[in-house]
Amino acid sequence: MINLNIESLQIHEYANLTPNMVDEQFKALVIDIQTNGQLEPVKVCKGKIYDGRHRLKALKLLNKKKIKAIVDDNLTEEDIRSQVRSLENRRHQTPTQLAIMAYKEYVMLSKNEDTKESQGKIAERFGISRANLAE
């Protein structure tokens with residue numbers, strides 16, 4: 001784990017696959033970080049945060065200059081997508097939240113012929129039915 005300059009980081013597009021915190025959750029996160037410091041490092045690949053965008057936002061709000069991070073610049077785009085999915089599944093998302101996340105990934109992947117994937121495969125990975133993902 002290392003400390004990075006907050007201003008040097010961007011949010012990876014796959015981080016946006018995950019649901020946003022509601023206002024109450026975010027306020028609680030800010031208070032917790034203000035009280036206890038940043039306990040969990042963000043995850044970064046090539047200067048982009050793929051896990052921890054709310055921690056980054058909270059630290060910026062608290063006028064912090066550094067963020068604790070785990071950096072792995074050797075990850076592929078599929079590695080990052082896979083980790084984002086895995087982290088969100090372990091955070092006990094509701095079926096609706098998983099369906100939204102799966103749909104966002106499907107839309108993102110369908111834009112690129114090299115990464116195009118079937119709705120059935122994506123639904124299976126997220127543990128939802130294909131019907132929940134169908135357009």
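Glutamate 78 and arginine 81 both sit in helix H3 (residues 77–90), three residues apart, which is about one turn of the helix. Their side chains form a salt bridge, with the closest N and O atoms 2.3 Å apart. The model is predicted, and it holds three salt bridges. The points below cover these charged pairs, then the sheet, the nonpolar cores and one histidine.

- Side chains of opposite charge can pair when their charged atoms come close.
- Arginine 81 also forms a salt bridge with glutamate 105, where the closest N and O atoms are 3.7 Å apart.
- This second pair links distant parts of the chain, since arginine 81 is in helix H3 and glutamate 105 is in helix H4 (residues 95–110), 24 residues apart.
- Through shared partners, the salt bridges join Glu78, Arg81 and Glu105 into one network.
- Arginine 81 has a relative accessible area of 4%, so it is buried.
- Glutamate 105 is buried, as is arginine 81.

**The pair of arginine 55 and aspartate 51**

- A salt bridge also joins the side chains of arginine 55 and aspartate 51, at 3.2 Å from N to O.
- Arginine 55 counts as buried because its relative accessibility is 12%, and buried means under 20%.
- Aspartate 51, at 8% relative accessibility, therefore counts as buried by that cut-off.

- Five strands make an open sheet in the order E1-E5-E3-E4-E2, and the pairing is mixed.
- Strand E1 (2–5) and strand E2 (10–11) are the edge strands, and each pairs on one side only.
- E2 runs parallel to strand E4 (residues 48–51), and two bridges join them.
- Which residue in E4 is the bridge partner of glutamine 10? The partner is lysine 48.
- Helix H2 (residues 53–61) lies across E2, strand E3 (42–45), E4 and strand E5 (66–71).
- The direction of H2 is at about 120° to E4.

**The nonpolar cores**

- In soluble globular proteins, nonpolar side chains tend to be buried together.
- The largest nonpolar core has 19 residues, and those with the most contacts inside it are Ile80, Ile122, Phe126, Ile128 and Leu133.
- H3, H4 and helix H5 (119–126) are the elements that give two or more residues to this core.
- Which element gives the most to this core? H4 does, with seven residues.
- Leaving aside neighbours within four places in sequence, leucine 133 is in contact with Ala99, Ala102, Tyr103, Tyr106, Gln119, Ile122, Ala123 and Ile128.
- Another core, of 16 residues, lies apart from the largest one, and Phe26, Val30, Leu56 and Leu62 are among its residues.

**Histidine 12**

- Histidine 12 is in the loop between E2 and helix H1 (23–36).
- With a relative accessible area of 5%, histidine 12 is buried.
- Which residues does histidine 12 touch, not counting those up to four places away in sequence? Histidine 12 touches Lys48, Ile49, Tyr50, Glu77 and Ile80.
- Of these, Lys48 is the bridge partner of glutamine 10, and Ile80 is one of the residues with the most contacts inside the largest nonpolar core.

Note on methods. Residues numbered from 1 in each chain as written. Predicted model: local features only at pLDDT ≥ 70, side-chain atom pairs only at ≥ 80, totals over all residues. Heavy atoms only, no water. Salt bridge = Lys/Arg side-chain N within 4 Å of Asp/Glu carboxyl O. Buried < 20%, exposed > 50% of the residue type's maximum accessible area, 1.4 Å probe, protein only. Helix = DSSP H or I, 4+ residues; strand = E, 2+ residues; numbered from the N terminus. Pairing = 2+ DSSP bridges. Contact = heavy atoms within 4.5 Å. Axes fitted to C-alpha atoms, helices over the stretch in contact; angles between N-to-C directions. Core = buried A, V, L, I, M, F, W, Y, C linked by side-chain atoms within 4.5 Å.
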